[in-house]
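Please look over the model below before reading the points.

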Amino acid sequence: MVWGAVAEIFGRNAGTEELEAFYPIKPECIADVPKTRFRPRVGKTLSARRWHAAFSEDGHLDIAKVLRRIQRGGIHPSIKGVVWEFLLGCFDPNSTFEDRNQLRQQRRERYGMWKTECQNMVPIIGSGKFITTPIITDDGQPIECEGCHVSSAVSDKKVAQWMLSLHQIGLDVVRTDQTLTFYENETNQAKLWDVLAIYSWVDGDIGYVQGMNDICSPMVILLEDEADAFWCFERAMRKLRENFRCTTTSMGVQSQLGTLSQIIKTVDPKLHQHLEDLDGGEYLFAIRMLMVLFRREFSFVDALYLWEVMWAMEYNPNIFSSYEMPNATVEDSNSVQTLDPKLLKQFGKFERTNLQNGHIEKNSALAVFLVASVLETKNKQILNEAKGLDDVVNVFSLPLSCAHKSSH
């Protein structure tokens with residue numbers, strides 16, 4: 001399955017010291033974090049040299065060449081953030097250096113406007129500090145909070161809902177990647193809080209949902225400029241935001257769980273029946289993997305490599321225009337009949353296969369196939385050890401490397 005393509009980039013532990021130097025772990029936490037299995041491979045991992053060589057003199061990017069490298073061996077940490085900006089649709093590969101510099105400046109200014117708007121309501125935003133206690137009551141009355149004071153009662157429903165979420169964002173920030181030395185610095189924690197707080201204000205429809213912190217954190221670490229980190233996160237959420245949409249009657253990942261159920265029922269009916277017998281046929285135990293894309297199952301380094309390989313495999317060269325000009329029709333340019341082989345290479349491997357088979361999906365099913373592949377790797381352990389749903393949850397609470405060892 002798809003897992004084979006991803007597993008190919010994971011090697012033995014040799015070379016991981018260099019990688020982990022980019023994301024140092026607190027000494028007291030080293031024994032508790034999953035071991036990093038990824039290692040860069042010369043000639044396969046996208047290096048800084050190969051990345052810079054992929055640009056023309058005026059800045060056009062040979063995205064096909066870049067995708068091939070990433071799909072074979074991921075991205076070197078020294079360039080990971082700037083490459084992600086292309087994979088997630090922040091920039092068009094067919095743009096020039098000048099085009100992108102102008103667009104980056106415009107976005108930084110727009111983020112600055114939103115940040116000022118939020119600061120006017122909650123002055124602690126942008127101060128290098130953040131909150132973990134409520135600043136208003138449920139009915140909008142101000143609460144005295146050290147370092148943050150709301151001057152008057154809040155009657156606007158949108159403003160009140162946003163303010164009520166800020167302390168929850170703060171509590172989640174404290175728990176985010178707390179094994180990394182990066183977040184020993186309160187300023188870095190506050191940067192993550194600012195980005196999430198401003199995103200939740202801008203996306204008033206969904207706002208903030210627990211788990212977004214796990215998606216946002218790598219962007220804050222990889223991209224030094226806060227506005228750039230925001231826009232990278234915003235583009236990632238374009239792919240993922242529906243996963244976080246929950247109502248009293250449905251969850252955002254419900255359709256993906258249904259797809260997962262059908263896949264396992266087809267490829268491993270014995271495992272599916274066992275899960276059914278344990279009342280796990282709805283696959284609710286897999287919600288976390290789908291929502292935060294394996295952040296809890298892999299080491300920090302491995303999770304990031306998994307993300308970029310997934311994004312490269314499902315890359316569509318029309319992603320930038322579909323975000324910047326959402327009313328424009330791109331179906332014609334997504335037609336196999338109108339694409340020559342050279343243009344087809346600008347699509348990721350998974351997306352290209354879908355296109356050739358006539359499947360055009362707004363939300364890729366690649367993550368679901370990966371979860372199914374993870375289930376397959378834990379097949380024996382679940383069948384032999386899981387006597388109830390709690391046991392299944394415990395299996396999935398283990399880092400994948402640990403679970404893999406215990407099943408042998």
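The points below take helix pairs, then a pocket, then a loop residue.

1. Basis. This is a predicted model, in which local features need pLDDT of at least 70, side-chain atom pairs count only at pLDDT 80 or more, and totals for chains, interfaces and linings use all residues. Residues are numbered from 1 along each chain as its sequence is written, and side-chain values use heavy atoms, with hydrogens and water left out.

2. H11 and H18. Helix H11 covers residues 254-267 and helix H18 covers residues 366-377; they pack at an angle of about 45°, their axes 9 Å apart. Helices here are DSSP runs (H or I, at least four residues), numbered from the N terminus. Axes are lines fitted to C-alpha atoms over the stretch in contact, and angles run from 0 to 180 degrees between N-to-C directions. The pair H11 and H18 is therefore oblique, the class left over when angles under 35 degrees count as roughly parallel, over 145 as roughly antiparallel and 65 to 115 as roughly perpendicular. The crossing of H11 and H18 is right-handed, a term used if the near helix is turned clockwise from the far one by less than a right angle.

3. Residues between H11 and H18. From H11, Gln 256, Thr 259, Leu 260, Ile 263 and Ile 264 meet Val 368, Phe 369, Val 371, Ala 372 and Leu 375 of H18; contact means heavy atoms within 4.5 Å. This contact of H11 with H18 holds 8 nonpolar residues, 2 polar and no charged. Ala, Val, Leu, Ile, Met, Phe, Trp, Tyr, Cys and Pro count as nonpolar, Asp, Glu, Lys and Arg as charged, and the others, Gly among them, as polar.

4. H11 and H12. H11 also packs with helix H12 (residues 269-277), at an angle of about 125° and with the axes 5 Å apart. H11 is therefore oblique to H12. Ser 261, Ile 264, Lys 265, Thr 266 and Val 267 of H11 make the contact with Pro 269, Leu 271 and His 272 of H12. By class, the contact of H11 with H12 has 4 nonpolar, 3 polar and 1 charged residues.

5. H8 and H9. Helix H8 (residues 186-202) packs with H9 at an angle of about 120°, the axes being 10 Å apart. H8 is therefore oblique to H9, and their crossing is right-handed. On the H8 side the contact includes Lys 191, Leu 192 and Tyr 199, and on the H9 side it includes Met 212, Cys 216 and Val 220.

6. Pocket lining. How do the residues lining the second largest pocket divide by class? They are 11 nonpolar, 8 polar and 9 charged. H13 gives the largest share of this lining, 3 residues.

7. Gln 346. This residue lies in the loop between helix H16 (341-344) and helix H17 (349-356). The C-alpha atoms of Gln 346 and Asn 316 are 7.3 Å apart, although the two are 30 residues apart along the chain. Leaving out residues up to four places away in sequence, Gln 346 touches Ile 63, Ala 64, Leu 67, Tyr 315 and Pro 317.

How values were computed. Helix = DSSP H or I, 4+ residues; strand = E, 2+ residues; numbered from the N terminus.
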